[in-house]
Amino acid sequence: MSGAKEKQATAKPAYLANLKLPATGSNVEMEGVNYKIAAPQGVDPSTLFFVQVDKDKCQACGECETHCPTGAIQEMHPDGERGVVDPAACVNCGQCLANCPYGAISEQVSYVGEIFEKLKDPDTIVVSMPAPAVRYGLGECFGMPTGTYVGGKMHAALRRLGFGLVWDNEWTADVTIMEEGTELLERVKKGDKPLPQFTSCCPGWVKFAETFYPDLNAHLSTCRSPIGMLGPLAKTYGSEQSGIKSKKMYTVSIMPCVAKKFEGLRPEMNASGSRDIDATINTRELAWMIKQAGIDFASLPEEQPDPALGMSTGAATIFGTSGGVMEAALRLAYEVLSGNTLANPDIKVVRAHEGIKTADIPVPNFGTVKVAVVSGLQNAAKLCDEVRAGKSPYHFIEVMTCPGGCVNGGGQPLEPEMLQSSLFHSTVAKINRRFNQRRVG
């Protein structure tokens, strides 16, 4: 379709005409989480708070501290209420938010207001770019069992919201496999870059490594994350293939993650000649938008993403779970190094849900490839210390910040039990606070 005539924007959905947009700076509850409507542009993301503790809701229980991998959340007030003390120390994983029993932690950046404005604009083509894990979490917001796959319904909902192009981050998950796997092969064969090679898909992990282990940056894969690749591809190759000028495109990254909002604002994310990623939302925000539009999600048909940047393999899908990136990259490395095709592409030994998992993978005509899969940054720090000390035996290390991987990201729907717990604990806390504030005489 290269050289095709420019396509015209399709008619905007009827719901947009009467939609009341949330005001910038206002607070909106979405799927049990409070969001501040703010769409920062052209700022240093390391200066922004992406999550913060509401002092009035905090009950000083310290649960958030136990889930913070960097100590960014500490006591900040006389009665022990917590807060994020410095955005530079926060890796924006959102695990504090997902595990707060009082619902006291909110997101401070939400692009939903700006996205709705762009969806209303007849001269703007809004492009959706959802991550693999979103389609395994979104259904929970509509009463479906945890882990239900709703990829086809998600694509259908995006079209009914008014997204002009429905592309898919699974496409560049496959590209990442080829790029990261090829880089590993080059490191192993040539020895011109240090081993082990760390994955670079997870923005929480990358920020952690850059902040606390800057001397190990050469060990990080030079590949961008899948969304870091899809943004510029959308505005270059995608623009060419669709016949839509890139200046009319507004790209929306849809992630299971809070930290992806930080990643989208990184200054180097401009490979397309403009901002590669114009906005980032997470699974909860997408669910809220679908509900605002009055879309009956459960009744939607199964639809496919649009051509050019919508195809993917099964290897892309497993990116959403810990060990998935490793398994996909090893499939490529095995076949290239050995010259043989895997009889069974499942390399289950590297699949992990928590902690550190190691494996020795025998590769014909090469030898043994030593790998490690890490879930959680406290565990990652242990392996980083080994690398720093020159004692790491591994060729390749995958790191995911969130326990079990992206499927348990800080932007996914809260566990129903957590929502109920937050409501109960918050009610009790309000009663206790009111009682303690009473004075006799």
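**Burial, cores and helix packing in a predicted model**

Where in the chain does Y15 lie? Y15 belongs to the segment before β1, the strand that spans residues 27-30. If we set aside neighbours within four places in sequence, the contacts of Y15 are F116, L119, R160, L161 and A293. Y15 can also be placed relative to G162: the two residues are separated by 147 positions in sequence, but their C-alpha atoms are 9.6 Å apart in space.

Let me now step back to the protein as a whole. The chain has 441 residues, of which 56% are buried. Its secondary structure consists of 13 helices and 14 strands. If we take the contacts between residues at least 6 apart in sequence, 75% of them join residues at least 24 apart.

I turn to the nonpolar cores. How many residues does the largest one contain? The largest nonpolar core has 84 residues, and I115, L161 and L286 are the members with the most contacts inside it. Leaving out residues up to four places away in sequence, I115 touches F163, Y250, V252, A279, I281 and M289. There is also a second, separate core; it has 23 residues, including V91, C202, Y394 and I397.

Helix α3 covers residues 112-120 and helix α9 covers residues 283-292; their axes come within 11 Å and cross at roughly 45°. The two helices are therefore oblique to each other, and the crossing is right-handed. From α3, the contact draws on V112, I115, F116 and L119, and from α9 on E285, W288, M289 and Q292. By class, these residues are six nonpolar, one polar and one charged. F116 and L119 of this contact are also among the contacts of Y15, with which I began.

The next pair is α6 and α12. Their axes, too, come within 11 Å, with a crossing angle of roughly 45°; α6 is made up of residues 203-212, and α12 of residues 377-388. That angle makes α6 oblique to α12. The handedness of this crossing is right-handed. On the α6 side we find G204, W205, F208 and F212, and they meet L377, A380, A381, C384 and R388 of α12. The contact of α6 with α12 comprises seven nonpolar residues, one polar and one charged.

The remaining pair for today is α5 and α7. Which angle do their axes form? The axes of α5 and of α7, residues 226-242, cross at roughly 115° and come within 8 Å. The two helices are therefore roughly perpendicular to each other. α5 passes α7 in a right-handed crossing. α5 contributes N169, W171, T172, A173, V175, T176 and E179, while α7 contributes P226, I227, M229, L230 and L233. Eight of these residues are nonpolar, three are polar and one is charged.

I next consider some points of backbone geometry. L195 and P196 are joined by a cis peptide bond, with omega about 5°. P196 sits in the loop between α5, residues 169-190, and β9, residues 197-198.

One is N92, with phi near 65°. N92 lies in the loop between β5, residues 82-84, and α2, residues 95-99. Is N92 buried or exposed? N92 is buried, because its relative accessible area is 2%, again under the 20% limit. The other is A308, whose phi is about 80°. A308 is placed in the loop between α9 and α10, the latter being residues 314-317.

N282 is buried, because its relative accessible area is 0%. Apart from neighbours within four places in sequence, N282 is in contact with Y35, E107, M255, C257, V258, K261 and G411.

Thank you for your attention.

Technical notes:
Residues numbered from 1 in each chain as written. Predicted model: local features only at pLDDT ≥ 70, side-chain atom pairs only at ≥ 80, totals over all residues. Heavy atoms only, no water. Buried < 20%, exposed > 50% of the residue type's maximum accessible area, 1.4 Å probe, protein only. Contact = heavy atoms within 4.5 Å. Core = buried A, V, L, I, M, F, W, Y, C linked by side-chain atoms within 4.5 Å. Axes fitted to C-alpha atoms, helices over the stretch in contact; angles between N-to-C directions. Helix = DSSP H or I, 4+ residues; strand = E, 2+ residues; numbered from the N terminus. Parallel < 35°, antiparallel > 145°, perpendicular 65-115°, else oblique. Left-handed = near helix turned anticlockwise from the far one by under 90°. Nonpolar A, V, L, I, M, F, W, Y, C, P; charged D, E, K, R; others polar.
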